[in-house]
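Hello,

Here is the structure I promised to pass on. My notes on it follow below.

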Amino acid sequence: MLISTLSARRTFGALGMVAALALVGCGPKDDAPATKGGPISLRRLTEPEYRQIIADVFGTTIKVPGRFEPDIRDNGLIAVGTSRESVAGTGFEQYDLTARGIAAQVVDDAHRATLIPCTPAKATDRDDACASQFIARTGRLLFRRPLTQQELQTNVKDAGESAAKLKSFYGGLELSVAAMLVSPQFLFRQEVSQPDPDNAGQRRLDPYSTASRLSFFLWDSTPDTELLDAAANGDLNTDKGIARQVDRMVKSPRLASGVRAYFSDMLGFDGFASLAKDPQIYPKYSSQVAADAQEQTLRTLTDLLVTNNGDYRDIFTTRKTYLTRLLGSVYQVPVTTSTGWEPHEYAEGDPRAGILMEISFVALHSHPGRSSPTIRGKALREVFLCQKVPDPPGNVNFALVQDTKNPAFHTARARLEAHRTQATCQGCHKIMDPAGLAMENFDSAGGFRATENGTPIDTSGDIDGVKFGDVIGFTKAVRDNPSVPSCLVTRLYSFGTGRPATKDEAEWLSYQGKQFAASGYKVPELMRRIASSKAFYRVSTPGTEANNASLSMAGTTTQTEAVK
Amino acid sequence: MTRFKSYTKPLAMTAGLALAVCAAGHASASETRGYVVSWFGVSTYYGGESDCPDGLNPMSTEFYKRELLRLGYSEADAVKLLKDFPGNPGKPDGEYIKIMGTRGDKKTNVYAHPESSYDPGLKEVKGKFAYGFNLDGKTDSPISFTDPDTGEKGIKNQYYRSLGCIRSFRAPPPAHPTLAQAQWDVLRDEMPAWLIEISGITDPMNSDNVTVTISRAVDHVSRDSDNNIRADMSFKVDPDPRSHNVLHGHIKDGVLTTDPSDIRIVADPFLIPEFHWKQARLKLKMGADGSLKGIVGGYHDWYALYWSYAESGWVEEHSASVDMPALYYSLKRNADAYPDPKTGENTAISTAYEVEAVPAFVIHTDEKADKKVSDAGSKTKAAARLAANVGQ
C-alpha cells in the first residue's frame, strides 16, 4: 500500500496519552447544581455510528461491507463501554478492508462527480490543488475538526505520490480516503478539554469536542458543516452559541436518529446478533423477525417520544405500534401492507401494550427453548430501573427450573417457587421473578400463550410494593415506578458523556429528574436540557477522578439489599 | 393508514374464545376462519405392492432404451446413446433426446402430438383403495375404489389409476411422492398463495351450514424457520373472479365436507395454468392445532392434466420417468365423465388432490366485500383472551 497504514497503527498507542491530557478551564452557566465533571473520553466508534457517518459524509449509496469487532457494554451502555475499547490486529484488518471498499466507491465513476469538488487537470496524474480541496473538506467531516496543516500536507503529498505511481489522480485519492478511514482520528472520538473561561480552575470540552459530543448525542453522527463552523467561529464557547445549535438540532428530524441510537443501546439490541431460538419450538422466529422486532420498537419509541412528543413513561403502556406482515404472524394480527410497515393500535385491554411485551424485549431476554421470568425480571430492573442485580452464585442447581415438562410443575411460576426454596436464591429471585412472571403470557419468541402445559398462566404479582392482577396492571405499575424516569435521566446522560455519572453529579441528576417530570417526561426536552447544560461539557481536572466515584457502581443500592 | 375492509382471522387466534362476530343475517354467533394452503399435491394412495400387481412402470432409461430398440437401433447403439444419460439437449451426449422427442413418426414432436406415437401401455393401478369422492354417486361401477380410511365405497379417482404405478408418484406416508413434492417446493414460493375461508362456524366440530370460499391471494406464502409455510400471515384476496369460489358445506365430527360445485383457480404454468374442477368437493379435517388436512376432488379436463406434464417435454419425462405417450393414452382411456357430444369420448377424468392449510388472515380489500368479521372482533379477542386466560 502506497500510503502506509503502519503510521495509523502507531498512532493508536499515542492516543491513550492524548486522552489523559485533559486541559483545565471554565464552562457555560445554567440553573442546575454545579458539578465537577468527569474524565474526558476516547471512544471507539460503534458500528452503527461508523455506518451513519459514511452515509452522512459520502451518501447512502456507498455500501459499507463487512462487520466490525463487537462492542463492550459497561454500566448498561455500549456508549460507556466504547471508552474501554481499543482495536485488535484482526479488528484493524477489518477496518482496513472496509475502508478500501468505501474509498473505491467514493472515487468511482458513479460518485466522483458528486463527492469530489473539482476536476483534476489530468486524470492520469497528480493534481495537488484539487486533492487538497477534497481532502480538506472530507477530512474535516471525518476527523470532526479541521485537519492540521501537517495532516493536510501529508495526505495531499501521499495522494499525489500515489497518483503519480498509479498514473491515476483518483487512484491516489482513493488511497488517501482509505488512509483517513483507518486513522485513529476517525475511528476514535477523541475529546480534548480546555480551561473553562467562566470557572477558574475548571475545564470543559474544547469547541470541536463539544460539537462531536452534541452531534453524536442528538444525531448519532459526525457534526455537520454548520456545527463545525460554530466550533470554528467560537460559538460553541458560549452558552448562547451552544443553545442555538442545540435548538437547531433538537428541532431537526435527525433527532430521531439520536433517540433511536440511545434506545437501541439501552435496550441491548446488539444482543440480537447472537440470539438463537430452537426452530422446532419457535418456527416463527427468524433473523428477519428479529430485525423487524428491533425496528418495531424503535419506530414505536420515536413515534411516541419524538413525533408526538409523548410522556416517556407511556412506552410501557402505549397500545400504538408498527407492524410488518412478518411481525403480524407472530403477534397474530392482520397486516394489510404487503411490504413495509403500517401502524397498528391494540384494543383497550390487549396484553400487548407497551414495549416490554414486544418481541424485542421478551424474546431477547429468554432462553433458546423456553422463556425466562428471571432473565426478563433482571433485564427490567437493570435496563429500565438502573438497578444492578447480582449474578447467581456458581453452585446453583438450575435443573428444576429448566425442566419445563416436569409433571409436578406445569408453569414457570411453579418451578421458580420450588427453586426459590434454596436459601441462596431467594433474595434475587424476589426482585426479579414477579416482574418476569408478569410477562409469562409471552413465550421465548414473543408469541402469546394463555397456558403452559395446560395450566393457566398466572401473571399477577407485585413490583416494589405495587400489586397488580395481570400483565396490564404490571405495565401500569412499571410506568408509575419512580425509578423509571430517573433511570432514563442518568443513563441518557451517560450515553452522551460516554462514562457513568459520578457521585458528585447525583444532585445535578436529581435536579434534571425534577425538570424532566415538570416537562411532562418529554424526552426531546430532556435531551435539550442535558445538551444545553454546563455539566454535559464539564471535564474533571486530572487527579480528581479517583475521588469522584462512579454513581452507577457505588451510588445505587441493589434491590437485593433493599429486600433484605 | 390503509385500513382493511374485512379480514378472516386464523384459527389459532380464536381457539377457546367466545368472539363477537358480525356476520350479516346471522342471529346466532358464528365465526369465520381463514387459512392459507400449505401443501397441495396429487393424491396417490400408497398401499404397497397390491396397488400395482403388474409391477411398476419402467424408469426413463429403461423405456428410452426400449424405444431406441423399437426404432431400429442396435443394443450397442442404444447403450452408447444413453451412456451419458441424462445428457444435455443440443450436445453430443444428448443425441438420444432429439430421437426420443420425435419417437412417434421420427419428425413430429411427440410431447405436443402424442398420437404420433403408438401406445406403449402404461401399467395402471389395479388395487382396491384410493382417496377421492364418489363423484357419480355409484357404488358398484367397475372403476370404483374404496376409501382406505373410512371404507366408503364408490370412490372415483381415475387420475390415480393412471399415475399410481409410476415410481415418482409413489411414496409411503408421511413422505410425499417425489414429483408432487418437487412441484410444490417450486410452486409455493413462485405462486401467489391459495386461501380458504370457512364462515358460519357455530361449532368447530359440528356446524350444519357453512360457507367455504376458495380464492387466490396477491401475496405469496412465507416459510418459517422450520421450512414450513408460516402460519398466521396476512393475505389480501386477489379480486380476479377467475379464482373466487363460494361453496356450501357442513362440518360433522370436525370434518368439513362441501356440496358439489365447480372450483376454478389460477395456478402456475410450472404445474398447470389453471385448475377447473367440475362437480368438485372438499373434505377437510379441522385439526386441533388449527390446521386443515384433506382432499379436493372433482372431474378435470384430462388433456389439460396431460399437458401439465408434457409441456416440459423431455425434462419431466426423463427426470420423473413419465412416459408421455403412455400417459396420454392412459388418461384418455381412463377419462370417465363429460363425453364429447360429437365423438362420445370422455373429456374429463376423476381426480383427487391432497390439501393442507394453516391459519391465516384473509383480507378483503374490495370495497364491495362483505365485512365478515369486524375490526372490533380482533380487539375483542384480546380482552377475552386475557379475561378467560384459556386457549391455545
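The expected span of a helix is 1.5 Å times one less than its number of residues. Keep that in mind for the helix below. One caution before it: this is a predicted model.

**Helix α20 of chain A**

α20(A) covers residues 423-437, which makes 15 residues. At 1.5 Å a residue it should span 21 Å. Its end C-alpha atoms are 20 Å apart, so the two values agree. The helix still bends, by about 55 degrees at His429(A). His429(A) is also one of the buried residues of α20(A). Others on that list include Cys425(A), Cys428(A), Ile431(A) and Met432(A). Asp433(A), Pro434(A), Ala435(A), Gly436(A) and Leu437(A) are buried too.

**Backbone points to check by eye**

Most residues other than glycine have a negative phi, and most peptide bonds are trans.

Two are cis peptide bonds in chain B:

- Phe85(B) to Pro86(B) is cis, with omega near 5 degrees. Pro86(B) sits in the loop between α3 (75-81) and α4 (95-101) of chain B.
- Pro173(B) to Pro174(B) is cis, again with omega near 5 degrees. Pro174(B) belongs to the loop between α5 (158-163) and α6 (178-190) of chain B.

Two are positive phi values:

- Gln332(A) is not a glycine, yet its phi is near 60 degrees. Look for Gln332(A) in the loop between α15 (325-331) and β6 (342-345) of chain A.
- Asp253(B) is not a glycine either, and its phi is positive at about 50 degrees. Asp253(B) is in the loop between β8 (244-252) and β9 (255-258) of chain B.

Are these two residues buried or exposed? Gln332(A) has 24 C-beta neighbours inside 10 Å, and buried means 20 or more, so Gln332(A) counts as buried. Asp253(B) has 8 other C-beta atoms within 10 Å, and exposed means 12 or fewer, so Asp253(B) is exposed.

**Chain B overall**

How many helices and strands does chain B have? The secondary structure comes to 10 helices and 14 strands. Chain B has 392 residues, and 46% of them are buried. Take the contacts in chain B with a separation of 6 or more: 68% of them join residues 24 or more positions apart.

Best wishes

Technical notes:
Residues numbered from 1 in each chain as written. Chains lettered and ligands numbered in written order. Predicted model: local features only at pLDDT ≥ 70, side-chain atom pairs only at ≥ 80, totals over all residues. Helix = DSSP H or I, 4+ residues; strand = E, 2+ residues; numbered from the N terminus. Bend = angle between axes of the 7 residues up to and from the residue. Contact = placed C-beta atoms within 7 Å.
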